[in-house]
Every structure is written in structure tokens, then in C-alpha cells.
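Student: Hi! Could you walk me through this structure?
Tutor: Happy to. Have a look at it, and then we can start with a helix.

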Amino acid sequence: MRELVSIHVGQAGVQVGNSCWELYCHEHGITPEGQMQSDPTPGVETGKFNTFFSEAESGKVVPRAIFVDLEPTVVDEVRTGLYRKLYHPEQMLSGKEDAANNYARGHYTVGKDHVDQALDRIR
């Protein structure tokens, strides 16, 4: 079976990613709490939706996605939004300050500390 991991980086990536996951949930009949309404075998990974979601023994499905941003407000919108119970808290990484639209600052100073943590979560 194929498995995809979606990586959403930055303000636009996180906002578009959150909208995409809401759409995927709607298409597959998954509630904002992560319950699949029409799953005949809860807790067993069967079906096409398992390419995008992993399923726990309890029957809850969790997106295979990581949200990363240096500035916390956009990721906090996902943490407090309608689908907040869908995501695992470890999937959402945010810093305390942004790079102020400066690539060098985001790459070499502020963002440098977050790269290893993001790569560990992806693995």
C-alpha cells in the first residue's frame, strides 16, 4: 500500500493544507473528530483513504501531514479550528517569531533551530 506524507510549510502552506484536509475529510466521510462514518472495519487499515490517513485501533483516523511555520498564529488557527481533534499535536510545529519575509533570517538564524525537529517529525 502506498502512503503519502503532506508537508505544509509557512503561512500559505499551512492555510492551504488545512483547507485540503478539510476537503479530504468531507470527500471520505470523516468527521472533524477523526471518525469515519462509513468504515465497516474500525481500527483496521483498509481502503483507499489510508494513503492519506493512518488509522488507530480505536478507529480514529489521523492525516499523514506535518504543519510547520516559524510564526505561531497560523498553526494556532489549525490547533483551535473546527478540525483541531483530527490532528495529532506533534504534527504541528511552530516557532515563537517569524523571519519577517527575510530568507536569510529564516534559513540561517530563526529557522535553523526548527529544521532538525521538523525532519524528526517527518521520519
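**A helix and a strand**

Tutor: Val 74, Val 75 and Val 78 are buried in helix α2, which spans residues 72-80. Keep in mind that this is a predicted model.

Student: Where do the buried residues of α2 fall, seen down the axis?

Tutor: They line one face of the helix, because they fall within an arc of 95 degrees when you look down the axis of α2. In general, an α-helix has 3.6 residues a turn, so residues three or four places apart point the same way.

Student: And what covers the buried residues of α2?
Tutor: The cover includes α1 (10-28), β4 and β5 (92-94).

Student: Switching to β1, which side chains point to which face?
Tutor: They alternate along residues 6-9.

Student: How many bridges join β1 to β4?
Tutor: Four, and the two strands run parallel. The partner of Ser 6 in β4 (residues 65-69) is Ala 65.

Student: New topic: which residues make the nonpolar surface patch?
Tutor: Val 5, Ile 7, Val 9, Val 115, Leu 119 and Ile 122 make a patch of about 480 Å². Both β1 and α4 (112-122) give two or more residues to this patch, and α4 has the largest share, with three.

Terms used: Residues numbered from 1 in each chain as written. Predicted model: local features only at pLDDT ≥ 70, side-chain atom pairs only at ≥ 80, totals over all residues. Heavy atoms only, no water. Buried < 20%, exposed > 50% of the residue type's maximum accessible area, 1.4 Å probe, protein only. Pairing = 2+ DSSP bridges. Patch = residues over 30% accessible without salt bridge, like charges linked within 9 Å, V, L, I, M, F, W, Y side chains within 5 Å. Areas by Shrake-Rupley, 256 points an atom, 1.4 Å probe, with all protein chains shown as cover. Salt bridge = Lys/Arg side-chain N within 4 Å of Asp/Glu carboxyl O. Arc of directions from axis to C-beta. Contact = heavy atoms within 4.5 Å.
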